[in-house]
Amino acid sequence: MPGRTVAKLATVSAFIAASVLAVAPTAHADLVTHCIGTGGAVTVPNDLLVPAGESCALTGTTITGNVTVAAGGNLVVTGGRVSGEVRVAADGYLDATDTTVDGQVVLAAGGYGIFLSDARTGTVTVRPKGSATIDSFLFAEGATVAGNVTVGAGEVRLDGGTQVQRNLSSTGTYYTDLHDSFVDGTLSVLNSATGSVVCGSAVRGKATFAGNLGGVQVGPNGGLDSCASGGYWGADVSITSTTGGVTVDDNIINGQLTVTGNDPVAQVAANNRIRGGVTGDQAAATTNRAARVAAPDREEAGDQRAEVRRTSAVQEATEAGAARL
């Protein structure tokens, strides 16, 4: 089962040094830089394209225009900056570490995934899967999203102090989890196949969990994942029409908690502080139990998925660069 932790990925080999950026004109006579291989601390004065099925690894690169990753392409950026937006096509992959994207980041239907580590972006959008066979993912660790996060497919995990400065909305994902993260607006998790976990996080606006099949775990001591603490909720929290179990433990809710239509009924621990009270069906309140020690394997496979793609992309880019030296 896909994992629930974003790990630090393998570092780029010191061999990656030579610039292999090729320039090609578009139909409008504008210049587009095609990247196949590796690039260093240079400024690209136009748009950048990673061609279909190719890999590009950039370190310290500034791109003044927009970036397009074509179908099956891989883009790994470390310590870079993109003045425009980044669009990733089906089976495409974006890996951004210590990088700023001033515009939006969009993963197309059937896109492989987005990994953001200590990165800053505008809005982030993952399109619904549709008829595609690939399940997407969005993993963010220590990242800042200046706009909304809207996800319609795959695995979603925000971790390590990630901040969403507006709203986070997911519909039909495999799971949507927040660990040690902050959402300045509203949070909405709808129809997730294996549910949602929120631990050690803060949500300033209203939070809505509805129709999730695998359960909802808000705080520690649930059955989905291990974590040490609950969180802070600045407004109402609603958890409804959920199967697989609902647990609410060690939280401060500065509003009302609504738990209706859940099967089985929600377990709301006695150690929660809920200013507006609880509405709906719930099991008898329990005291806080010892935190889970071992997390299920919903924590590891996702890391491996991102790491394998990144390692493969860097290797392909390095080999392409070597062929051009």
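Start by selecting R157, D159 and D225, which are linked in a network of salt bridges. A salt bridge here is a side-chain nitrogen of Lys or Arg within 4 Å of a carboxyl oxygen of Asp or Glu. The model is predicted: local features need pLDDT of at least 70, side-chain atom pairs count only at pLDDT 80 or more, and totals for chains, interfaces and linings use all residues. Residues are numbered from 1 along each chain as its sequence is written, and side-chain values use heavy atoms, with hydrogens and water left out.

**The salt-bridge network**

Zoom in on R157 and D159. Their closest N and O atoms are 2.8 Å apart. Now bring in D225. Its side chain meets that of R157 in a salt bridge of 3.5 Å, N to O. D225 lies in the loop between β30 and β31 (232–233), while R157 is in strand β21 (residues 155–159), so the pair ties together parts that are 68 residues apart in sequence. Strands (E, at least two residues) are DSSP runs, numbered from the N terminus.

Are D225 and R157 buried or exposed? Both are buried. Buried means under 20% relative accessible area, exposed means over 50%, and partly exposed is in between (1.4 Å probe, protein chains only). R157 has a relative accessibility of 4%. D159, at 9%, counts as buried too.

The structure holds six salt bridges. For another one, select E85 and R87: their side chains meet at 2.8 Å, N to O. Here R87 is partly exposed, at 35% relative accessible area.

Next, select residues 196–199, strand β27. S196 and V198 point one way, V197 and C199 the other. All four of these residues are buried.

Show the strands that pair with β27. Two strands pair if DSSP finds at least two bridges between them. Strand β24 (residues 175–179) is joined to β27 by four bridges, and the two run parallel. Look at D177: its bridge partner in β27 is V197. Three bridges join β27 to strand β30 (residues 216–218), also in parallel. There, V198 stands opposite V218.

**F209 and the cores**

Which residues touch the most other members of the largest nonpolar core? They are L75, I114, L187, F209, W233, I239 and L257, out of 55 residues in that core. A nonpolar core is a set of buried Ala, Val, Leu, Ile, Met, Phe, Trp, Tyr and Cys residues joined through side-chain atoms within 4.5 Å.

Center on F209. Leaving aside neighbours within four places in sequence, F209 is in contact (heavy atoms within 4.5 Å) with residues including L187, W233 and I239. Another core lies apart from the largest one; it has seven residues, among them Y93, F115, F137 and F139.

Select T240 in strand β32 (residues 237–240). T240 is buried, with a relative accessible area of 16%. Beyond its sequence neighbours within four places, T240 is in contact with F209, A210, G211, T260 and N262.

Finish at P264, in the loop between β35 (257–260) and β36 (267–268). P264 is partly exposed, at 45% relative accessible area. Its contacts, leaving aside neighbours within four places in sequence, are G244 and G245.
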